[in-house]
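Here is a friendly walk through the model for someone meeting it for the first time. Keep the picture open beside the text and follow the points in order.

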Amino acid sequence: MKNLNIVITGAGAPGARGTEYALRAGAKEQGVKLRVIGVDRNPNVAARGFCEAVYEVPSTSSPS
């Protein structure tokens with residue numbers, strides 16, 4: 001079985017859950033083990049419930 005790591009940017013966006021669902025369905029169909037990692041400016045996004053890991057990233061306007 002092949003392993004694949006996927007990063008979803010904007011994990012707090014309304015469509016992130018649907019994206020994750022579609023990725024997992026396709027991976028299962030292809031026999032791929034998927035690890036989904038979410039990144040967002042907000043550390044308290046709902047993606048915590050469906051991603052294996054979620055990381056806070058700075059805003060695009062942030063100097064860091």
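Is Glu20 buried or exposed? Point 2 gives the answer.

1. Some ground rules come before the tour. Residues are numbered from 1 along each chain as its sequence is written, and side-chain values use heavy atoms, leaving out hydrogens and water. The model is predicted, so local features need pLDDT of at least 70 and side-chain atom pairs count only at pLDDT 80 or more, while totals for chains, interfaces and linings use all residues.

2. Glu20 counts as buried, because its relative accessibility is 3% (buried is under 20% relative accessible area, exposed over 50%, and partly exposed in between, with a 1.4 Å probe and protein chains only). You will find Glu20 in helix 1 (helices are DSSP runs of H or I with at least four residues, strands are runs of E with at least two, and both are numbered from the N terminus). Setting aside neighbours within four places in sequence, Glu20 is in contact with Ile8, Val36 and Phe50 (contact means heavy atoms within 4.5 Å).

3. Which residues does Glu20 meet in salt bridges? One is Arg17, at 2.1 Å from N to O, and another is Arg24, at 2.3 Å from N to O (a salt bridge is a side-chain nitrogen of Lys or Arg within 4 Å of a carboxyl oxygen of Asp or Glu). Arg17 sits three residues from Glu20 in helix 1, about one turn of the helix. Arg24 is four residues from Glu20, also in helix 1 and also about one turn. Arg17 is partly exposed, because its relative accessible area is 43%. Arg24 counts as partly exposed too, at 24% relative accessibility.

4. Glu52 is partly exposed, at 43% relative accessibility. Through shared partners, salt bridges join Arg17, Glu20, Arg24 and Glu52 into one network. A search of the whole structure finds three salt bridges.

5. Next, the strands. Strand 1 (residues 2-9) pairs with strand 2 in the parallel sense over eight bridges (two strands pair if DSSP finds at least two bridges between them). Here Ile6 stands opposite Val36 in strand 2. Between these strands the chain passes through helix 1 (residues 16-30), and the β-α-β crossover is right-handed: with the strands pointing away from the viewer, the path from the first strand over the helix to the second runs clockwise.

6. Strand 2 has another partner as well. Four bridges join strand 2 to strand 3 (residues 53-56), and the two run parallel. Ile37 stands opposite Ala53 in strand 3. Strand 2 (residues 32-40) is mostly covered, with seven of its nine residues buried.

7. Not counting residues up to four places away in sequence, Val54 touches Gly38, Val45, Ala47 and Arg48.
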